[in-house]
Amino acid sequence: MLQVAFIRNNRELVKEKLAVKNFGNISIVEKVIELDDERKKLQFEFDETQSKLNATSKEIGQLMASGKKETAEEKKKEVATLKSHLQPINEKLIEIEKSLHDELVQLPNLPHSSVPKGKTPEENEVVREGGQKPMLEKEALPHWELAKKYDLINFELGNKVTGSGFPFYKNKGAKLQRCLIQYFLDYNTNAGYTEYQPPLMVNEASAYGTGQLPDKEGQMYFINADNLYMIPTAEVPVTNIYRDEIIKENELPVKLTGYTPCFRREAGSYGKDVRGLNRVHQFDKVEIVQLAHPEKSYDALEEMVNHVERLLQILELPYRILRLCGGDMSFASALTYDFEVYSAAQEKWLEVSSVSNFETFQSNRMKIRFKNAENKTQLVHSLNGSSLALPRIVAALLENNQQPGGIKLPQVLSGYFGAQRID
């Protein structure tokens with residue numbers, strides 16, 4: 001959530017930045033300032049009345065102590081009048097503060113200066129590419145056919161038991177999932193990330209804290225009876241570990257990682273682009289999160305980008321890194337890099353990771369702070385990234401490494417998988 005003081009002091013800059021994100025309702029900026037003006041006026045009136053009330057109440061005690069009972073009784077009437085004035089001021093103040101908050105939460109985070117203008121994914125910037133696209137035989141199969149051929153994933157069974165987008169992994173397919181998760185966690189913890197296994201459901205405060213609410217209700221599975229949300233990513237519970245906490249400056253950066261299943265409704269997703277593992281409603285993902293000093297968060301972002309890039313290199317997958325344009329960024333992000341791997345049989349790029357800096361947008365909502373050298377409290381910057389999301393990694397591994405009679409696995413996985421190929 002943006003801070004009111006920043007909006008007030010940088011009104012035109014905020015409008016310019018929101019335009020880069022193609023945010024349509026710019027008038028909210030003026031509305032926020034108007035409501036804050038009204039809030040300040042009411043707060044001053046409340047404080048003045050409260051001060052008079054306190055002074056008069058103290059005076060009554062002194063009058064009673066000196067035997068001036070009649071004058072004290074008159075002052076009690078003044079106190080009653082002041083109290084009657086105070087209540088409606090307080091009620092109006094609460095109402096205005098709620099209105100101000102309701103307007104603020106509609107504003108997305110402001111994009112970093114390096115974010116390119118644009119409205120669609122086609123306008124994202126390719127930062128760099130790596131790896132080599134494999135040359136497959138003409139009879140090469142897409143991953144959903146390979147999964148059936150080698151009995152790795154049963155999509156039809158998922159449809160039967162749950163519905164579309166909930167595949168069953170089996171046999172060596174289940175084992176491949178398990179070894180990828182273990183390898184990703186080992187890779188992250190070896191880089192200094194502390195591992196957590198968080199809950200798969202969160203309360204409304206947690207979903208609000210990381211920016212899923214009120215922006216993405218339609219993509220989340222909601223459990224009415226308990227007022228809980230199934231997590232769309234481990235980012236939500238893991239970042240909320242430090243909600244309402246003050247971190248010691250020498251503890252920054254805080255580096256966290258966690259594996260979870262993730263749940264996304266993806267309403268309206270259909271067609272050839274969602275076949276197989278291209279887009280599912282439940283999927284496994286290993287996440288990395290950092291809470292960083294504001295002056296060092298973009299160094300942390302670069303470190304996380306290099307971390308994910310190296311992981312794709314080790315997996316021997318062709319990849320490219322994109323800097324997202326304003327119109328393709330998430331509500332909460334200030335700068336996002338997407339990673340895509342090339343799926344050779346489908347001849348298309350598949351997103352497998354987003355690495356983002358949210359600056360103070362999330363930490364302002366969650367009140368995650370630290371004390372600096374001058375002992376002043378500041379908001380941390382929060383960052384997160386996928387390291388990695390499994391479905392499209394599996395799709396690319398199967399397609400790119402298919403050979404006559406089997407699927408060759410990257411060397412790094414052979415020790416985890418217990419074999420060098422699936423056959």
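**Helix packing, cores and backbone of a predicted model**

Modeller: Pro214 lies in the loop between α8 (204-209) and β6 (222-223). Helices are DSSP runs of H or I with at least four residues, strands are runs of E with at least two, and both are numbered from the N terminus. This is a predicted model, in which local features need pLDDT of at least 70 and side-chain atom pairs count only at pLDDT 80 or more, while totals for chains, interfaces and linings use all residues. Residues are numbered from 1 along each chain as its sequence is written, and side-chain values use heavy atoms, with hydrogens and water left out.

Colleague: What kind of peptide bond joins Leu213 and Pro214?

Modeller: The bond between Leu213 and Pro214 is cis, with omega about 5 degrees. A cis peptide bond also joins Ser387 and Leu388, with omega about 10 degrees. Leu388 belongs to strand β16 (residues 381-389).

Colleague: How many helices and strands does the chain have?

Modeller: The chain has 13 helices and 19 strands. Its C-alpha atoms fill a box of roughly 105 × 45 × 45 Å along the principal axes.

Colleague: Why are α3 and α4 called roughly antiparallel?

Modeller: The axes of helix α3 (residues 27-65) and helix α4 (residues 69-104) come within 8 Å and cross at roughly 160 degrees. Axes are lines fitted to C-alpha atoms, for helices over the stretch in contact, and the angle runs from 0 to 180 degrees between N-to-C directions. Angles under 35 degrees count as roughly parallel, over 145 as roughly antiparallel, 65 to 115 as roughly perpendicular and the rest as oblique. The pair α3 and α4 is therefore roughly antiparallel. The residues of this contact comprise 18 nonpolar, eight polar and 15 charged; Ala, Val, Leu, Ile, Met, Phe, Trp, Tyr, Cys and Pro count as nonpolar, Asp, Glu, Lys and Arg as charged, and the others, Gly among them, as polar.

Colleague: What makes α7 oblique to α10?

Modeller: Helix α7 and helix α10 (residues 297-314) pack at about 135 degrees, with axes 12 Å apart. That angle makes α7 oblique to α10. Tyr183, Phe184, Tyr187 and Asn188 of α7 meet His307, Arg310, Leu311 and Ile314 of α10, where contact means heavy atoms within 4.5 Å. By class, five of these residues are nonpolar, two polar and one charged.

Colleague: What makes a set of residues a nonpolar core?

Modeller: Such a core is a set of buried Ala, Val, Leu, Ile, Met, Phe, Trp, Tyr and Cys residues joined through side-chain atoms within 4.5 Å. The largest one here has 57 residues, and Leu176, Leu180 and Ile393 have the most contacts inside it. Helix α7 (residues 171-190) gives the largest share, eight residues. Leu180 touches Leu315, Leu390, Ile393, Val394, Leu397 and Leu413, residues up to four places away in sequence being left out. A second, separate core of 41 residues includes Val14, Ile28, Val32 and Phe358.

Colleague: Why is Asn171 called partly exposed?

Modeller: Buried means under 20% relative accessible area, exposed over 50%, and partly exposed in between (1.4 Å probe, protein chains only). Asn171 has a relative accessible area of 49%, so the residue is partly exposed. Asn171 lies in helix α7 and has a positive phi of about 50 degrees although it is not a glycine. Across the chain, buried residues make up 50% of the 423 residues.
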